[in-house]
Amino acid sequence: SSGLHSDMYIEKFDLLRRPRVTERVCAGFVRAFADARVDVVVGPTTGGILLAFETARAIKQADPNATVLAPGTAPGPLGTPLDFLESVFQTGLLRYIDAVSLHPYRSERPESAAGDYPAVRRLIQKYAPKGKTIPLISSEWGYTSVSITAEQQGQYLAREWLSNLAEGVRLSIWYDWHDDGLDPKDGEHHFGTVHNDYLPKP
């Protein structure tokens, strides 16, 4: 925990050094939420992908009809991190997930993300189990109105969704619902579709 939700902190990298313990912990996640009627689980990036892998495997063993999305990658300096995705897919993750989750953040226009999707789909085709179709989803993506105008931000929202639909990305989640803060220079405070006080943006 980061400290926001619990007074206990467990360093995940200490856990990940012990694969069998990691497997048992992830199976415990599934048991703990067995009665919660969870619809979707989204796996995090970096070291968390190992937790996502074991959790996805345990979920599918417990409920083959559960929907699991991973890995929730953010772009690097060269766009979508294809090397990272390939290394993750090589682990066999695609056997246990139902969609590949991307965070296609960028400073360029929304339509530029369309250039990344064919390469990701080629990797999916290369490593997915034979006969399994795995779609792409955009599970988090937005633009801050510190870098562009609020008017342009609104236009980008519509263009992002339309561009993704045109590229066969059936689910797009905009980040963020409302501005998280008031600092006019902090980009993280101004990803919202409305202002911090919920008043509409232009």
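Modeller: What follows is a close look at one helix pair, and then at some residues around the rest of the chain.

This is a predicted model: local features need pLDDT of at least 70, side-chain atom pairs count only at pLDDT 80 or more, and totals for chains, interfaces and linings use all residues. Residues are numbered from 1 along each chain as its sequence is written, and side-chain values use heavy atoms, with hydrogens and water left out.

Start with the whole protein. It has six helices and five strands. Both are DSSP runs, numbered from the N terminus: helices are H or I with at least four residues, strands are E with at least two. Read from the N terminus, the order is α-α-β-α-β-α-β-α-β-α-β. Of the 202 residues, 42% count as buried. Buried means under 20% relative accessible area, exposed means over 50%, and partly exposed lies in between, using a 1.4 Å probe and protein chains only. The protein exposes about 11900 Å², and carbon and sulfur atoms supply 57% of that area. Such areas come from the Shrake-Rupley method with a 1.4 Å probe; for residues, only the protein chains shown count as cover.

Now the contacts. A contact means heavy atoms within 4.5 Å. Take the contacts between residues at least 6 apart in sequence: 65% of them join residues at least 24 apart.

Here is the part to look at closely. Two packed helices are described by the angle between their axes and the distance between the axes. Helix 4 covers residues 82-90, and helix 5 covers residues 117-127. They pack at an angle of about 15 degrees, with their axes 10 Å apart. That makes helix 4 roughly parallel to helix 5. The axes are lines fitted to C-alpha atoms, for helices over the stretch in contact, and angles run from 0 to 180 degrees between N-to-C directions. Under 35 degrees counts as roughly parallel, over 145 as roughly antiparallel, 65 to 115 as roughly perpendicular, and the rest as oblique. The crossing of helix 4 and helix 5 is right-handed.

Which residues meet? Helix 4 brings Leu82, Leu85, Glu86, Phe89 and Gln90. Helix 5 brings Ala119, Val120, Leu123, Ile124, Lys126 and Tyr127. By class, this contact has eight nonpolar, one polar and two charged residues. Ala, Val, Leu, Ile, Met, Phe, Trp, Tyr, Cys and Pro count as nonpolar, Asp, Glu, Lys and Arg as charged, and the others, Gly among them, as polar.

Pick out Leu123, which lies in helix 5. Its relative accessible area is 10%, so Leu123 is buried. Leaving aside residues up to four places away in sequence, Leu123 touches Leu82, Leu85, Glu86 and Phe89. The C-alpha atoms of Leu123 and Asp83 are separated by 9.9 Å, though the two residues are 40 apart along the chain.

Next comes Leu94, in the loop between helix 4 and strand 3 (99-102). Leu94 is buried, with a relative accessible area of 1%. Beyond four places away in sequence, Leu94 touches Phe89, Val100, Ile124, Tyr127, Ala128, Pro129, Lys132 and Ile134. Phe89, Ile124 and Tyr127 also belong to the contact between helix 4 and helix 5.

Move on to Tyr156, in helix 6 (residues 150-166). Tyr156 is buried too, at 8% relative accessible area. With residues up to four places away not counted, Tyr156 touches Arg109, Pro110, Tyr143, Ile148 and Trp174.

Finish with two backbone details. Most residues other than glycine have a negative phi, and most peptide bonds are trans. The peptide bond from Ala70 to Pro71 is cis, with omega near 5 degrees. Pro71 lies in strand 2 (residues 67-73). Tyr198 has a positive phi of about 70 degrees, although it is not a glycine. Tyr198 sits in the segment after strand 5 (172-174). At 46% relative accessible area, Tyr198 is partly exposed.

Notes:
Left-handed = near helix turned anticlockwise from the far one by under 90°.
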